Amino acid sequence: MTSLPTARGQASTGDFDRVLVVDFGAQYAQLIARRVRQAHVLSEIVPRTVSAAEVAAARPVGVILSGGPVSVYAADAYRLDPGILQLAIPVLGICYGHQVIAAALDGGVAGNDIAEYGGTELRLVGGGGTLLGELPQAQTVWMSHRDAVTVPPPGFRVTAATAEVPVAAMEDPERRLYGVQFHPEVAHTARGQEILERFLHDVCGARPSWTHVGIIEQVVAEIRATVGDRTVLCALSGGVDSSVAAALVHKAVGNQLTCVFVDHGLLRAGEAEQVEDTFRGAFGMHLITVKAADRFLERLAGITDPEEKRLAIGETFIRVFEDVAADLDDAGFLVQGTLYPDVIESGTADAARIKSYHNVGGLPPDMRFALIEPLRDLFKDEVRAIGEELGLPGEIVWRQPFPGPGLAVRIIGEVTGERLEILRAADAIVIEEIKRAGLYRDIWQSFGVLPAIRSVGVQGDGRSYAYPLIVRAVMSDDAMTADWARLPYEVLERISSRVVNEVPGINRVAYDISSKPPATIEWE
């Protein structure tokens with residue numbers, strides 16, 4: 001098969017107004033991007049090193065500067081290309097971004113004697129200007145800073161202040177530059193979304209066209225144009241991401257799509273049968289099942305490093321697909337359910353690598369497929385909404401996320417057949433009890449982790465030397481941040497009791513109460 005260039009097949013931004021979010025290292029940069037999308041405007045996160053020329057070439061309707069962890073007057077401060085402020089493109093600075101605008105245009109920024117963290121009373125000045133006008137004269141906003149703008153740049157007027165900050169908001173409508181010290185993207189700022197929408201719709205003139213229907217129409221059109229009459233393979237796992245990706249491509253090219261389900265032996269209990277029944281039966285898609293458990297186990301033998309596992313699994317996936325494609329005429333495209341958080345965490349120009357996703361950083365450089373990634377620009381909540389719009393059943397759309405490498409990255413250490421069977425049985429109990437308690441839809445992710453260590457226990461009046469099971473359950477909106485779920489004690493008790501009594505090889509159960517950050521959701 002001849003080598004093909006990469007074809008992303010994602011939503012073209014050419015037909016959507018978009019806003020660039022310049023990431024100054026803030027914990028809220030992704031949240032800003034999501035809030036913009038909630039206003040039906042496409043957002044894209046770009047690095048703080050972005051140049052004025054790059055911004056101009058991207059033709060955004062607006063730019064938002066995020067918060068950041070450093071001081072604008074420090075020697076190692078993050079800088080903004082000042083030319084961005086001269087492009088006549090509306091700019092909104094938030095927290096550090098607010099201070100960046102002031103420092104770049106000869107305003108004053110200094111450290112406060114008293115920091116502001118959390119809920120703070122904001123008072124409007126001079127009617128509140130364009131962004132804050134018509135809002136209450138006094139309102140609670142969310143602050144997180146010690147530095148503040150003390151003197152607005154020439155041409156700006158102050159539109160809000162707090163007890164400690166004289167310039168809590170400022171604007172220069174003539175130059176279309178705006179800044180707020182508080183965080184409108186955080187839910188604790190009660191009218192924050194309204195403020196963002198005023199910037200997006202009233203100042204930037206952004207059309208609210210980033211809708212689920214609009215995304216579907218654009219992606220389908222682009223896939224058709226990209227694929228032509230060629231055959232397309234889809235890496236189908238049965239999870240929400242690959243399922244929605246498959247449905248989008250099937251809508252675009254119909255019978256040109258062949259879904260390939262790789263039973264790599266790293267799946268949860270009963271998962272392979274569920275996938276086959278759903279997609280071959282209910283949806284009538286052309287589905288090929290490849291039994292490859294032995295191949296993956298052989299490839300993973302002796303590997304304990306998490307990155308090596310992911311890379312090995314990613315490469316083996318591709319080799320399996322290449323074998324399938326060799327038996328099909330003109331199969332040159334591969335569909336994957338890659339999401340925006342996958343890309344960010346795998347390492348981009350604006351984010352350090354957290355871990356390589358098997359379908360991003362784990363892809364081999366000599367791959368012979370062009371990729372179709374219709375979800376690459378989307379967050380999980382957007383994907384679920386699109387899945388519902390496409391008519392996928394709730395048990396697919398609202399299924400908890402499951403990593404592509406499967407149970408391999410939930411076994412801490414070498415992956416063996418024995419450990420897989422132990423974890424598969426224990427994990428099934430965790431999910432059963434979460435569902436029994438009516439918590440499955442409320443929790444972002446819940447699962448078991450099996451460290452490849454053993455501890456002493458007492459079972460059946462005798463000494464046991466067996467594995468522990470770590471139970472992990474988290475709450476999240478988009479997987480970029482997460483908090484551990486406060487499961488009721490009785491649920492944890494039932495999980496623990498059933499696991500140690502029903503699963504040979506486990507003699508204790510622990511519960512992970514770490515948030516993300518500093519931990520990640522998965523252990524590997």
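Reader: Is Asp202 buried or exposed in this model?
Author: The model is a predicted one, and within it Asp202 belongs to helix α5, which covers residues 192–203. Exposed residues are those over 50% relative accessible area. Because Asp202 has a relative accessibility of 56%, the class that applies to this residue is exposed.

Reader: How far apart in space are Asp202 and Asn501, C-alpha to C-alpha?
Author: Along the sequence, 299 residues separate Asp202 from Asn501. In space, taken from C-alpha to C-alpha, the separation of Asp202 and Asn501 is 62 Å.

Reader: Which strands stand at the edges of the open sheet?
Author: The sheet is built from 5 strands with parallel pairing, in the order β12-β11-β10-β13-β14. Two of these strands have a single partner each, so one side of each is left without a neighbour in the sheet. The edge strands are therefore β12 (287–291) and β14 (370–372).

Reader: Which residue of β13 is the bridge partner of Val232?
Author: Strand β10, residues 231–235, and strand β13, residues 331–335, are paired in the parallel sense, with 4 bridges between them. Within this pairing, the residue of β13 that is bridged to Val232 is Phe333.

Reader: What angle does the direction of α10 make with that of β11?
Author: Two helices that pack on the sheet can be described against this strand. Helix α7 touches β10, β11 (257–263), β13 and β14, and its direction makes about 160° with that of β11. Helix α10, residues 306–325, also packs on the sheet, where it touches β10, β11, β12 and β13, and the angle between its direction and that of β11 is about 135°.

Reader: Why does α7 count as oblique to α12, and what is the crossing angle?
Author: The axes of α7 (residues 240–253) and α12 (residues 380–389) come within 10 Å of each other. Roughly parallel requires an angle under 35 degrees, and roughly perpendicular one of 65 to 115. The pair is oblique because its axes cross at roughly 50°.

Reader: Which residues of α7 meet α12?
Author: The crossing of α7 with α12 is left-handed. On the α12 side, the contact involves Lys380, Val383, Arg384, Ile386 and Gly387, and the residues of α7 that meet them are Val240, Asp241 and Val244. By class, this contact comprises 4 nonpolar, 1 polar and 3 charged residues.

Reader: How are α6 and α12 oriented to each other?
Author: Helix α6, residues 212–227, has an axis that comes within 10 Å of that of α12, and the two cross at roughly 80°. His212, Val213, Ile215 and Ile216 of α6 meet Ala385, Ile386 and Glu389 of α12, a contact with 5 nonpolar, 1 polar and 1 charged residues. Because angles of 65 to 115 degrees fall in this class, α6 and α12 are roughly perpendicular.

Reader: How many charged residues does the contact of α14 with α15 have?
Author: Helix α14 (residues 417–436) and helix α15 (residues 489–502) have axes that come within 9 Å and cross at roughly 150°, and the two are therefore roughly antiparallel. Their crossing is right-handed. The contact includes Glu432, Glu433 and Arg436 of α14, along with Arg494, Arg498 and Glu502 of α15. By class, the contact has 7 nonpolar residues and no polar ones, and the number of charged residues is 6.

Technical notes: Residues numbered from 1 in each chain as written. Predicted model: local features only at pLDDT ≥ 70, side-chain atom pairs only at ≥ 80, totals over all residues. Heavy atoms only, no water. Axes fitted to C-alpha atoms, helices over the stretch in contact; angles between N-to-C directions. Parallel < 35°, antiparallel > 145°, perpendicular 65-115°, else oblique. Left-handed = near helix turned anticlockwise from the far one by under 90°. Contact = heavy atoms within 4.5 Å. Nonpolar A, V, L, I, M, F, W, Y, C, P; charged D, E, K, R; others polar. Pairing = 2+ DSSP bridges. Buried < 20%, exposed > 50% of the residue type's maximum accessible area, 1.4 Å probe, protein only.
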